[in-house]
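Open the model in your viewer and keep the sequence panel beside it. The tour goes from one selection to the next and says what is found at each stop.

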Amino acid sequence: MRFAAAVLRSYEERFAVEEVRLNEGPAAGEVLVRIAGCGLCRTDLAVRRSGGRSPLPAVLGHEGAGVVAATGGTGTGLGVGDHVVLSFDSCGHCRSCLAAAPAYCDSFAPLNLFGGRGEHAGRFTDAAGGELAPRWFGQSSFAEYAMVPARNAVRVDPSLPVELLGPLGCGFLTGAGAVLNSFGVAPGDTVAVFGAGAVGLAAVMAATAAGAVTVAVDRHPDRLALAERFAAIPLSAASTDLPAHVRRLTGGGARYALDTTGSAELINDALRSLRPAGHLGLVARLRTALPLEPGTLDRGRRISHICEGDAVPGLLVPRLIALWQAGRFPFDQLIRTYPLADINEAERDCDAGRVVKPVLIPEGLDTWSTPHP
């Protein structure tokens, strides 16, 4: 079959929406999903800055959602017509997967960041038969269709707007999962979120839903206004003695802090914002050494990296949907939709901070062109 996909051919070029080909149907344990919408995540954009570690050309996209079009047998647990949210890939049989910690799968890097799943790798090509990199996060969902392991897919109610649900599989899952799973935030807890982008604002919404007092730190007034809408106390990152302000607003220090920025300065500020025995979680991948200032880890304070919100997607995605339906996790207020053909505009808007969460909507072979300016 042939269909439209956004292909990244070099680290410097724009995406080109072009025809790609899938030369085989789903194998055992796989499903073919017609994509209704796919979130654009900063992890996708980070491929441009990977220093050549991510093979190109490739179809990116790892926050897809859509409708099952075909299955690789009855063992998938899914049927044609099922609506699904797609999340990250995992092997299902290593010690971490068996311990309900698929984000720490022994094969996470090769399965999600290219280089893995050598089986069937050649069946996905461009129109000329040229190879495309193996599936990105088991999806490559900047496309009309995605072939995914059934383990990636979470069935959802078909009455929901499936085109908007994709970010629940990664960005929103990461922020909310950090609060609900990694921290286990309870009513009356205090949380400070550093960075009010998609992940940070999902953390803010989850903390509010859990009954916490929440402070949101960011340098953009519009992001702080959004955080305040979700019941967080806004605090400018440019404030003098930022930790002192957080400690004052949280009555002596935050019990939990989440950094989404990867900034060494803000990470040290976050540690100094904690109360004794407080916990700082990092979700951004650090590209350089992290210098910790003296005293930041005193009195039982600790720091850890959190991957994918410590989530089992099949459990957390339905929980977030239920919170959304109850009006307690309004993630749809962060989304702006773009046609898949406008992926380069969506990338520019994301980089410039004009949109929190772009979601790309495929429109069919009769509406796209190659390349799109």
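**First stop: Phe 172**

Select Phe 172. Leaving out residues up to four places away in sequence, Phe 172 touches Pro 167, Gly 177, Ala 198, Ala 202, Leu 320, Phe 329, Phe 331, Leu 334, Ile 335 and Lys 357. Contact here means heavy atoms within 4.5 Å.

A note on the model before going on. This is a predicted model, in which local features need pLDDT of at least 70 and side-chain atom pairs count only at pLDDT 80 or more, while totals for chains, interfaces and linings use all residues. Residues are numbered from 1 along each chain as its sequence is written, and side-chain values use heavy atoms, with hydrogens and water left out.

**The cores**

Together with Phe 172, they touch the most other members of the largest nonpolar core, which has 106 residues. A nonpolar core is a set of buried Ala, Val, Leu, Ile, Met, Phe, Trp, Tyr and Cys residues joined through side-chain atoms within 4.5 Å. Buried means under 20% relative accessible area, exposed over 50%, and partly exposed in between (1.4 Å probe, protein chains only).

Which helix gives the most to this core? Select residues 198-209: this is helix H5, and its contribution is nine residues. Helices (H or I, at least four residues) and strands (E, at least two) are DSSP runs, numbered from the N terminus. Next select Phe 194, Val 217, Leu 242 and Leu 274, which are among the 16 residues of a second, separate core.

**The whole chain**

Zoom out to the protein chain. Its secondary structure comes to 10 helices and 17 strands. Along the principal axes, the C-alpha atoms fill a box of roughly 60 × 40 × 35 Å. Of the 373 residues, 57% count as buried. Among contacts between residues at least 6 apart in sequence, 67% join residues at least 24 apart.

**Arg 272**

Select Arg 272, which is in helix H8 (residues 264-272). Apart from neighbours within four places in sequence, it is in contact with Pro 243, Arg 247, Glu 293 and Thr 296. Glu 293 is 21 residues from Arg 272 along the chain, and their C-alpha atoms are separated by 9.4 Å.

**Backbone stops**

Most residues other than glycine have a negative phi, and most peptide bonds are trans.

- Pro 57: the peptide bond from Leu 56 to Pro 57 is cis, with omega near 5 degrees. Pro 57 lies in the loop between helix H1 (42-45) and strand S4 (58-59).
- Ser 140: this residue is not a glycine, yet its phi is positive, about 55 degrees. Ser 140 is in the loop between strand S7 (124-126) and strand S8 (145-149), and it is buried, with a relative accessible area of 2%.
- Asp 241: phi is positive here too, near 50 degrees. Asp 241 is in the loop between strand S12 (233-236) and helix H7 (242-249) and counts as partly exposed, at 47% relative accessibility.

**Last stop: Ala 128**

Select Ala 128, in the loop between S7 and S8. Ala 128 is exposed, with a relative accessible area of 77%.
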